[in-house]
Amino acid sequence: MPELFEDFDDVTDLAEGLSDPSPGARIMAVMELRDTADADAIPHIARAIGDADVKVRLQAAQALTDFDGPETAAALVTGLDDADASVRAAAAVSLTELKRPDAGGPLIAALDGAPVEKTVALLDGLKELRRSDALGPAIDALNHDDAGVRGAAVGVIGWLQDETALPSLMAAARDPAPSVRRIAVAAFGFSKNERAETALVDALQDENWQVREAAAETMAKSGSAAAAEPLMGALDDAMWQVRLKAVRSLSNLSIKAAAEKIGPLMQLEIPNLRKECAAALGELAMEESLPFLEPFADSPDPDVRKTVRWALGRIKQSAT
């Protein structure tokens, strides 16, 4: 019986196309090497990262998204130094697709003295790899002058979920840049430590509404009953997005007493918030919530109407 793929060129044959004088042929060679999904193709695609033609380099940086490991990471680190912004951007995106922890070695090694753009890309690539040896460099990066670097560093620390890094996260939650504070506040979700809860309560008073929103959302992850009172206070926030996350968190924490404060929010003409309130009232299943829900059983908004009817049914079922 003939082999099913007897006409399929092997990696070595396909790699010869990278020496073709035509950039178009070299691009095609990179694409064909990628399609093999063969680890033996990695060094050949990595070589194309140094091609004279920018379109070939771009294709190579994009193709490496489908591969993993230290060799892939090293090639992408090279791509971060490319003269062309599109190649650098493609390499940065591909770095975030790395999943094998051993791919982090070249990234950590490249952090020392790297410029801002490259540092951010390296930290973003390290984030989901959860390498414990990335914690020290990430904490050091919290002192960087650039807010983008500090935010990326907080991302690494948050994914590591290491209680020893809690003081660093607390410091980041007071960062001058709202973007950094928001990431730090969201990172507190893993910790049950009282200091983390205190930092979240403080963040509910932040001048930036997105930081407050992150705090309201993260507080539910603590699972602490102590979160109830601060979250109830957040129901009066000036921004409906913060109120929405507070409603959701109170529901997730099953704070029954919140129903009487959530009910009146159904009067606000914000469909997303109204739907969230209806869902929360249904989950909390308090008969006292029926008057707040019933006027919206025939709401013209289909999502609100559907959620309200579900909530009414659940409350009535619970009562019987």
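## Residue surroundings in a predicted model

Leaving aside neighbours within four places in sequence, A234 is in contact with L204, V242, R243 and A246. The structure described here is a predicted model. A234 belongs to helix α15, which covers residues 228–234. Is A234 buried or exposed? Its relative accessibility is 7%, and because buried means under 20%, A234 counts as buried. From A234 to L284 there are 50 residues in sequence, and the C-alpha atoms of the two are 18 Å apart in space.

The largest nonpolar core contains 108 residues. Within this core, the residues that touch the most other members are I45, L122, F188, I262, L293 and V308. Helix α10, residues 147–160, supplies the largest share of the core, namely seven residues. In general, nonpolar side chains in soluble globular proteins tend to be buried together. What surrounds I45, leaving aside its neighbours within four places in sequence? I45 is in contact with V30, L33, R34, A60, A63, L64 and F67 when those neighbours are left aside.

R130 has a phi near 50 degrees, a positive value in a residue other than glycine. Q161 is likewise not a glycine, and its phi is positive at about 50 degrees.

How values were computed
Residues numbered from 1 in each chain as written. Predicted model: local features only at pLDDT ≥ 70, side-chain atom pairs only at ≥ 80, totals over all residues. Heavy atoms only, no water. Core = buried A, V, L, I, M, F, W, Y, C linked by side-chain atoms within 4.5 Å. Buried < 20%, exposed > 50% of the residue type's maximum accessible area, 1.4 Å probe, protein only. Helix = DSSP H or I, 4+ residues; strand = E, 2+ residues; numbered from the N terminus. Contact = heavy atoms within 4.5 Å.
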